[in-house]
Amino acid sequence: MKDFFKLLWSSVAAGMCIGIGGIVYLKVGGVAGAALFSVGLITIVSYKLRLYTGAAGFITKENWTNLFTILAGNIIGCYVMSLLPTGVDASTIVANRLACEWYNAFLLAIGCGILMTTAVTFARDGKFLPLLFAVPVFILCGFYHCIADAFYYAVQWRMLSWNALPVYIATVLGNFVGCNIPRFFPKA
């Protein structure tokens, strides 16, 4: 039980870090805001916190059930950060998500998953520069990140709306698929 609570707390903390990245992105916007969002992922990797898109590409048969705890913890952490009186507005992002068909959300989430696993792979080897670039690239490409989206939904509604559920589930699944595609990249 102690391991479960440690995993959950690490996941909540990671969600909070993504929330911080989301706040700065919503306040600054554009390329600068996308680059500054990277502080969330850099913090997560530096403290070895558990982020869904940082774990999904490295799961094994023994630990795949942890992904549910990680996802739930990340969502809770995003929700906590959404309660801060920062004055940010996620209505445009949320409206774009709601206008997206679930299958397009799934496809857009794959690109984000590839970038996240690639960035974390390099960081595990002590190369942190890809962390700085992967986040702005996925944001500027319009790729979907299920934890960042959880933060945006929480800012907008303080919870996930039933209307957004199909797109959100497709994003979670697309991130999972994308996170696992690098397993099939040719090795040098």
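Modeller: Let us begin with Lys48, which counts as exposed because its relative accessibility is 72%, above the cut-off of 50%. Please bear in mind throughout that this is a predicted model.

Biologist: Where does Lys48 lie?

Modeller: Lys48 belongs to the loop between α2 and α3, the latter spanning residues 52-55. Its phi is near 55 degrees, a positive value in a residue other than glycine.

Biologist: How many residues does helix α2 have, and what distance does it reach?

Modeller: Helix α2 covers residues 30-46 and has 17 residues. From its first C-alpha to its last it reaches 25 Å, close to the 24 Å expected at 1.5 Å a residue.

Biologist: How should I read the pattern of residues along a helix?

Modeller: The general idea is that an α-helix has 3.6 residues a turn, so residues three or four places apart point the same way. In α2, the buried residues are Gly33, Ala34, Phe37, Ser38, Gly40, Leu41, Ile44 and Val45.

Biologist: Against which helices do the buried residues of α2 pack?

Modeller: They pack against α1 (2-28), α6 (102-124), α7 (129-141) and α8 (146-157).

Biologist: How are α1 and α2 oriented to each other, roughly parallel or roughly antiparallel?

Modeller: For a pair of helices, one reads the angle between their N-to-C directions. The axes of α1 and α2 cross at roughly 170 degrees and come within 8 Å. The two helices are therefore roughly antiparallel to each other, since an angle over 145 degrees counts as such. On the α1 side the contact includes Ala14, Cys17, Ile18 and Gly21. On the α2 side, Gly30, Ala32, Gly33 and Ala34 are among the residues that take part.

Biologist: At what angle do α2 and α7 pack?

Modeller: Their angle is about 130 degrees, and their axes are 7 Å apart. That angle makes α2 oblique to α7. The residues of α2 in this contact are Val31, Ala34, Ala35, Phe37, Ser38, Leu41, Ile42 and Val45. From α7 come Leu131, Leu132, Val135, Pro136, Ile139 and Leu140. As for handedness, α2 passes α7 in a right-handed crossing.

Biologist: Which residues make the contact between α8 and α9?

Modeller: Let us take the geometry before the residues. The axes of α8 and α9 cross at roughly 155 degrees and come within 9 Å. This makes α8 roughly antiparallel to α9. The contact is made by Cys146, Ile147, Asp149, Ala150 and Tyr153 of α8, together with Val167, Tyr168, Thr171, Val172 and Asn175 of α9.

Biologist: Is Asn175 buried or exposed?

Modeller: Asn175, found in helix α9 (residues 165-180), is buried, because its relative accessible area is 0%, under the 20% cut-off.

Biologist: Which backbone atoms does the side chain of Asn175 reach?

Modeller: The side chain of Asn175 reaches the backbone oxygen of Ala109 at 2.8 Å. It also reaches the backbone nitrogen of Cys146 at 2.8 Å. Leaving out residues up to four places away in sequence, Asn175 touches several others, including Tyr52, Thr53, Ile110 and Tyr144.

Biologist: How far apart are Tyr168 and Ala109 in sequence and in space?

Modeller: Separation along the chain and separation in space should be read side by side. Tyr168 and Ala109 are 59 residues apart in sequence and 9.9 Å apart in space, C-alpha to C-alpha. Tyr168 lies in helix α9 and is buried, with a relative accessible area of 6%.

Biologist: What are the contacts of Met116?

Modeller: Met116 has its place in helix α6 and counts as buried, at 2% relative accessibility. Apart from its neighbours within four places in sequence, Met116 is in contact with Leu41, Thr53, Ala134, Val135, Phe138 and His145. The C-alpha atoms of Met116 and His145 are separated by 9.3 Å, although these residues are 29 apart along the chain.

Biologist: Which residues does Asn74 touch?

Modeller: Asn74 sits in helix α4 (residues 66-82) and counts as buried, at 0% relative accessibility. Not counting residues up to four places away in sequence, Asn74 touches Ser11, Val12, Ala14, Gly15, Arg50, Leu51, Tyr52 and Ile147.

Technical notes: Residues are numbered from 1 along each chain as its sequence is written. This is a predicted model: local features need pLDDT of at least 70, side-chain atom pairs count only at pLDDT 80 or more; totals for chains, interfaces and linings use all residues. Side-chain values use heavy atoms; hydrogens and water are left out. Helices (H or I, at least four residues) and strands (E, at least two) are DSSP runs, numbered from the N terminus. The expected span of a helix is 1.5 Å times one less than its number of residues. Buried means under 20% relative accessible area, exposed over 50%, partly exposed in between (1.4 Å probe, protein chains only). Contact means heavy atoms within 4.5 Å. A polar contact is a pair of N or O atoms within 3.5 Å; within protein, one must be able to donate a hydrogen and the other to accept it, and residues adjacent in sequence count only if both atoms are side-chain atoms. Axes are lines fitted to C-alpha atoms, for helices over the stretch in contact, and angles run from 0 to 180 degrees between N-to-C directions. Angles under 35 degrees count as roughly parallel, over 145 as roughly antiparallel, 65 to 115 as roughly perpendicular and the rest as oblique. A crossing is left-handed if the near helix is turned anticlockwise from the far one by less than a right angle, and right-handed if clockwise.
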